Amino acid sequence: MGENMIKSMTGFGRGEYSDGKRSITAEIKTVNHRYADITVKMPKRYSFAEERIKAAVKEKMKRGKAEVSIVVENITEDDMSVRLNTLMAGQYMENLRTLKETYGLSGDIDIGLVANMPDVMRTVPEVEDEEQVSLAMENAVAAAAAKLDEMREREGRKLSEDLLMRGELVRETVRKIETRAPMVVKDYTEKLRGRIKELTEDAVDIPEERILVEAAVFADKSNITEELVRLDSHMEQLKKILTSEASPVGKKLDFLVQEMNREANTIGSKANDLEITSLMLEAKSEIEKIREQVQNIE
């Protein structure tokens, strides 16, 4: 199998990157989903980088639900700074003096008291260079996405092998049914003759063409040639997509499986024959497994 073949929607990837000021760890976990859905968990103060992070994941993922989580460890102090609010401190001082004079209270207004008043000093995120931080995060995410991609390709290969094997099983069943189908009409014709003989006790001569007309009507009603040809061609199509098309193919395969089911159901309902019915049940159980597996393909 070449590059960019079938990918599973399920996987995990981890990437790290350090730019000297901060070291960043990114983890991406994906599960199946009808379309691309990406959520990012990271410290609020870096939320300006979110769109770029999503874009880095989207490059590798066309379909699926991804959870990206980012941990930032600051190596230097650059990302935080302490702000002193002198206006606020001044107002507190003034109010404390008024309090002291009005009620004749003793005690000094000292630094400990003022510094501990709400909002006099605050630590604020100081992201100096948003571009630099975004780039660092993008690098960590790209590394995680590459790992994720490897895992999804590996899983995709396993899925492909399994699906190809099941497709072949269905085709074998189709061939067995094709061999059996002509016998069904022959058996029916024999049974019909026997039944008529039994009922008339050989007293009446039923014209052979009457029997043949009956047999022809039966043959027409239970003719599944077209359905078998279509089912086989769906299996051929499955093989073609899995071996020669690049991801994403999940939606295409989903549609193909619906078509397989339609033919299988028609064959099952038209076949007036126990052997064909039981062969068809085997085929339907394989198609069901194919349907389940296809849900995980991008």
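Reader: Among contacts between residues at least 6 apart in sequence, what share joins residues at least 24 apart?
Author: In this predicted model, 81% of those contacts in the protein join residues at least 24 apart. A contact means heavy atoms within 4.5 Å.

Reader: What rules apply to the model and its numbering?
Author: Residues are numbered from 1 along each chain as its sequence is written, and side-chain values use heavy atoms, with hydrogens and water left out. Since the model is predicted, local features need pLDDT of at least 70 and side-chain atom pairs count only at pLDDT 80 or more, while totals for chains, interfaces and linings use all residues.

Reader: How many helices and strands are there?
Author: The protein has eight helices and six strands. Helices (H or I, at least four residues) and strands (E, at least two) are DSSP runs, numbered from the N terminus. Along the sequence the pattern reads β-β-β-α-β-β-α-α-β-α-α-α-α-α.

Reader: And what is the radius of gyration?
Author: The protein has 37 Å, whereas a compact globule of 298 residues would have a value near 19 Å. The radius is taken over C-alpha atoms, and the globule rule is 2.2 Å times the number of residues to the power 0.38. Along the principal axes, the C-alpha atoms fill a box of roughly 135 × 50 × 20 Å.

Reader: What percentage of the residues count as buried?
Author: Of the 298 residues, 35% count as buried. Buried means under 20% relative accessible area, exposed over 50%, and partly exposed in between (1.4 Å probe, protein chains only).

Reader: Changing topic, how many aromatic pairs are there?
Author: The count comes to two aromatic pairs. One of them is Tyr 46 with Phe 48, an edge-to-face pair with 6.4 Å centre to centre and 70° between the planes. Rings of Phe, Tyr and Trp (its six-membered ring) pair if their centres lie within 6.5 Å; planes under 30 degrees apart count as stacked, over 60 as edge-to-face and the rest as tilted.

Reader: Is Tyr 46 buried or exposed?
Author: Tyr 46 is buried, at 1% relative accessible area, while Phe 48 is partly exposed, at 27%.

Reader: Why is the pair of Tyr 188 and Phe 218 stacked?
Author: That pair is stacked because the ring centres of Tyr 188 and Phe 218 are 3.8 Å apart and the planes are at 5°. Tyr 188 lies in helix H4 (residues 130–200) and Phe 218 in helix H5 (residues 208–221), so the pair ties together parts that are 30 residues apart in sequence. Phe 218 is buried, with 10% relative accessible area, and Tyr 188 is partly exposed, with 25%.

Reader: Where does Thr 123 lie, and what does Thr 123 touch?
Author: Thr 123 lies in strand E6. Leaving aside residues up to four places away in sequence, Thr 123 touches Met 80, Ser 81 and Val 82. At 55% relative accessibility, Thr 123 counts as exposed.

Reader: What about Met 121 in that strand?
Author: Met 121 also lies in strand E6, which spans residues 121–125. Met 121 is partly exposed, with 46% relative accessibility.

Reader: Which residues are joined by a cis peptide bond?
Author: Ser 247 and Pro 248 are joined by a cis peptide bond, with omega about 5°. Pro 248 is in the loop between helix H6 (225–244) and helix H7 (250–270).

Reader: And what is the phi of Asp 119?
Author: Asp 119 is not a glycine, yet its phi is positive, about 70°. Most residues other than glycine have a negative phi, and most peptide bonds are trans. Asp 119 is found in the loop between helix H3 (111–115) and E6.
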